[in-house]
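Please read these notes with the sequence and the model open side by side. Each point takes up one place in the chain.

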Amino acid sequence: MQWRLQMLFQRKLKIRFLFLLFLALLVHLVMDFALPTTHRSCGCDTKASKAMGVLSGSPMPASLKKLSLRILQDFSGSNGSLEKSSQPERAGLHLRAGEPGVQQQHEEANAGWTRGSKLAALFKHPLYNIPVPKVTEKDKLFIVNPMEKFSLHSSGSDEWVSSSKAETLLPTGKTAYDTYPTWLKFHVGINRYELYPRRDPLLPTLLQDLATQRIISSGTTSLSVSLSTPLPRCLLPASLIPMCLLSVQKSGGTQLKLIMTFPNYGQALFKPMKQTRDQETPIDFFYFSDFERHNAEIAAFHLDRILDFRRIPPVSGRLVNITKEIRDITTDKKLAKTFFISPAGNVCFYGECSYYCSTEHALCGKPDRLEGSMAALLPDKTLAKRRSWRSPWRRSYHKSKKAEWELNPNYCAQVRETPPYDSGHRLLDLIDMAILDFLMGNMDRHHYETFEKFGNDTFLLHLDNGRGFGTHSRDEPSILAPLQQCCSIKKSTYLRLQLLATQPYRLSDVLREALAADPLAPVLAEPHLQALDRRLGKVLVAVGHCLARAAHQEKVLVNDVGPWV
């Protein structure tokens, strides 16, 4: 009997002990889940600060805030070495191998570049922050009259209000310039060195206007507006022009283009869709027989900006209603006669042009919706004269004959002795354009333009890019002839190309990201984006061959940004 009582007591004691253990575990779990994660202290920040040699709570030294200039000084190594060496410096970490936290922070930096915006990181890089020369009054395309206002009737009649009839007082803190529409501010901002600034706050608004502004007129020739009062007399001194003419685009060309006019008298060049994204140019087509592609115009603008050339006017994609936004409002009688309804019930038209304007090449909507590119027009040539230059590396545009540069390996020596290529940076600008064309696969660069006011000391305008991005499965090495024959390139261009060949700023990735914001996204088929990386590698190889043959590196990499690079 006593033995049974002893066993019962031991069993109850064990049960109580297990119950207490279970209760303790339950309390621990409740407390763990109840406390917010923000109250948990891990000391990570302190460890990171110690690893960087910075006391917790103290301000970061200026030397650590600034990115090391060594990023700018040595890009001549392989892409792999650049990629490895530049990432810790971009994060402001001057850590030696073996120090605590080096590997952890290196991995965190890589993860951050993957998660964040590559495009934003690219434009923050020192190579995209090299200052342009100071812009003086003579370097501006237009001198703005600060007393002239831009205004429209409040009734919505889309008519100008003269400065004498408009309110004389502006809102507090506003200037007459603030009343200008975005397209006019874009024109006013053009200067000797750039078509638009790197961080132009107007650019998003201008692209939005191109994509969404109401179209009030369309045609193959531009609307020229004559005003009884010169409002706003913004682009030239009043003594030189009696009225404010708006952007005019001459008619003509091998393929159909339309001028679209907006309520604020801004205008855009509309190139309609002719091919699908994945449709490659047939291999047997001559370059001058190729179609112009609306998506190539859009992609070219963004690629030009990523390369930091900024020589292509802003372009946006747009879905246009053929019936309401072209046929019903066109002022062009010749264009109006070319509309018809296809057997499939779609609205079609073909317009008038030198080639591809016939019923066989009609442009049809689905049923009346049609994609196209909308490019901001440059200022009218009566206000800002432009000079057209024949490219020295222009193709023969003949089915059997070749151009001189294709037959003469020493052709560049001849070009270097010919004005305007015998001085200044004109030849280097032309090589920039050749690199842009090679990346796009554009073989149709027969002319380029400059603003006459700036003479030979200015940038080249990269216009008419519709024949780019036609092929992705093959490359055309002859487009790089200016680079290969002259063996010269701007150092800034070369450094940016090397940067775009590294994983944090991969060219295909940043262009894909830029194009994702366009209304017609995806703008390019994926194979075209992948082809960009392949072609970029070939450009760098071509420069590498020039460097290997050159006695002095300075003859190949021409320093265009000062002694700090």
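1. A word on annotation comes before the sites: UniProt positions are given in the numbering used here, feature names are shortened, and annotations may be inferred rather than shown by experiment. The model is predicted, so local features need pLDDT of at least 70 and side-chain atom pairs count only at pLDDT 80 or more, while totals for chains, interfaces and linings use all residues. Residues are numbered from 1 along each chain as its sequence is written, and side-chain values use heavy atoms, with hydrogens and water left out.

2. The UniProt record, an unreviewed entry, places the feature "binding site" at Gln255, Lys271, Glu292, Ala375, Ala376, Leu377, Leu378, Glu449 and Asp464. Of these residues, Ala376 and Leu377 are included in the lining of the second largest cavity. A cavity is a set of points, on a 1 Å grid over the protein atoms alone, where a 1.4 Å probe fits but cannot get out; lining residues have an atom within 4 Å of a point.

3. Where is Gln255 placed? Gln255 sits in the loop between strand 1 (217–219) and strand 2 (258–261). Helices (H or I, at least four residues) and strands (E, at least two) are DSSP runs, numbered from the N terminus. Is Gln255 buried or exposed? Gln255 counts as buried because its relative accessible area is 1%; buried means under 20%, exposed over 50%, and partly exposed in between, with a 1.4 Å probe and protein chains only.

4. Asp464, another residue in the "binding site" feature of the record, is in the loop between strand 10 (447–451) and helix 16 (481–486). Leaving out residues up to four places away in sequence, Asp464 touches Lys271, Glu297, Asn442 and Arg445. Contact here means heavy atoms within 4.5 Å.

5. Asp444 belongs to the loop between helix 15 (426–440) and strand 10. With a relative accessible area of 12%, Asp444 is buried. Tyr397 and Arg467 are what Asp444 touches, not counting residues up to four places away in sequence.

6. In helix 9 (residues 203–212), the buried residues are Leu203, Leu206, Leu207, Asp209, Leu210 and Ala211. Which elements do the buried residues of helix 9 pack against? They pack against helix 8 (182–188), strand 3 (267–272), helix 10 (294–306), strand 4 (315–321) and strand 8 (369–376).

7. His302 is in helix 10. Its relative accessible area is 8%, so His302 is buried. Apart from residues up to four places away in sequence, His302 touches Val315, Leu511, Ala514 and Leu515.

8. The next items concern backbone geometry. Most residues other than glycine have a negative phi, and most peptide bonds are trans. The bond from Pro419 to Pro420 is cis, with omega near 0°, and Pro420 lies in the loop between helix 14 (411–416) and helix 15. Ala521 and Pro522 are also joined by a cis peptide bond, with omega about 0°; Pro522 is in the loop between helix 18 (507–515) and helix 19 (526–549).

9. Tyr265 is not a glycine, yet has a positive phi of about 70°. Tyr265 lies in the loop between strand 2 and strand 3, and counts as buried at 14% relative accessibility. Phe469 has a positive phi near 55°. Phe469 is in the loop between strand 10 and helix 16, and is buried with a relative accessible area of 2%.

10. Pro367 is in the loop between strand 7 (363–364) and strand 8. At a relative accessible area of 44%, Pro367 is partly exposed. Which residues is Pro367 in contact with, leaving aside its neighbours within four places in sequence? The contacts are Gly345, Asn346 and Val347.

Conventions. On a 1 Å grid over the protein atoms alone, a cavity is a set of points where a 1.4 Å probe fits but cannot get out, and a pocket is an open set with protein on both sides within 12 Å along at least five of seven lines; lining residues have an atom within 4 Å of a point.
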